[in-house]
Amino acid sequence: MSALTLIAILSAILVFGWAIWFVIELIRYIVSGEYEVDQRLRNIGR
């Protein structure tokens with residue numbers, strides 16, 4: 001396995017791991033109710 005392939009695999013793992021973390025955090029944010037509070041605050045500011 002060449003160094004370039006290893007770097008590409010490691011980069012793909014990092015990006016994939018970040019994407020999974022992002023989706024989990026987004027779901028947690030919406031489920032927690034903070035999203036609705038932020039929407040209401042945004043509407044008040046208009």
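**Surface and helix**

Modeller: A nonpolar surface patch of about 950 Å² is formed by Trp 18, Trp 21, Phe 22, Val 23, Leu 26, Ile 27, Ile 30, Val 31 and Tyr 35. Such patches take residues with over 30% relative accessible area and no salt bridge, joining nonpolar side chains (Val, Leu, Ile, Met, Phe, Trp, Tyr) within 5 Å and like charges within 9 Å, and accessible areas come from the Shrake-Rupley method with a 1.4 Å probe, where for residues only the protein chains shown count as cover. This is a predicted model, in which local features need pLDDT of at least 70 and side-chain atom pairs count only at pLDDT 80 or more, while totals for chains, interfaces and linings use all residues. Residues are numbered from 1 along each chain as its sequence is written, and side-chain values use heavy atoms, with hydrogens and water left out.

Colleague: Which element gives the most to the nonpolar patch?

Modeller: Helices (H or I, at least four residues) and strands (E, at least two) are DSSP runs numbered from the N terminus, and the chain has two helices and zero strands. Val 23, one of the patch residues, lies in helix α1. With eight residues, the element that gives the most to the patch is α1.

Colleague: Is Val 23 buried, partly exposed or exposed?

Modeller: Buried means under 20% relative accessible area, exposed means over 50%, and partly exposed lies in between (1.4 Å probe, protein chains only). Because its relative accessibility is 45%, Val 23 counts as partly exposed.

Colleague: How far does helix α1 reach from its first C-alpha to its last?

Modeller: Helix α1 covers residues 3-31, which makes 29 residues. The expected span is 1.5 Å times one less than the number of residues, and for α1 this gives 42 Å. The helix is close to that expectation, with a reach of 42 Å.

Colleague: Which side chain meets Glu 25 in a salt bridge?

Modeller: A salt bridge needs a side-chain nitrogen of Lys or Arg within 4 Å of a carboxyl oxygen of Asp or Glu, and by this rule the count comes to one. At 2.7 Å, N to O, the partner of Glu 25 is Arg 28.
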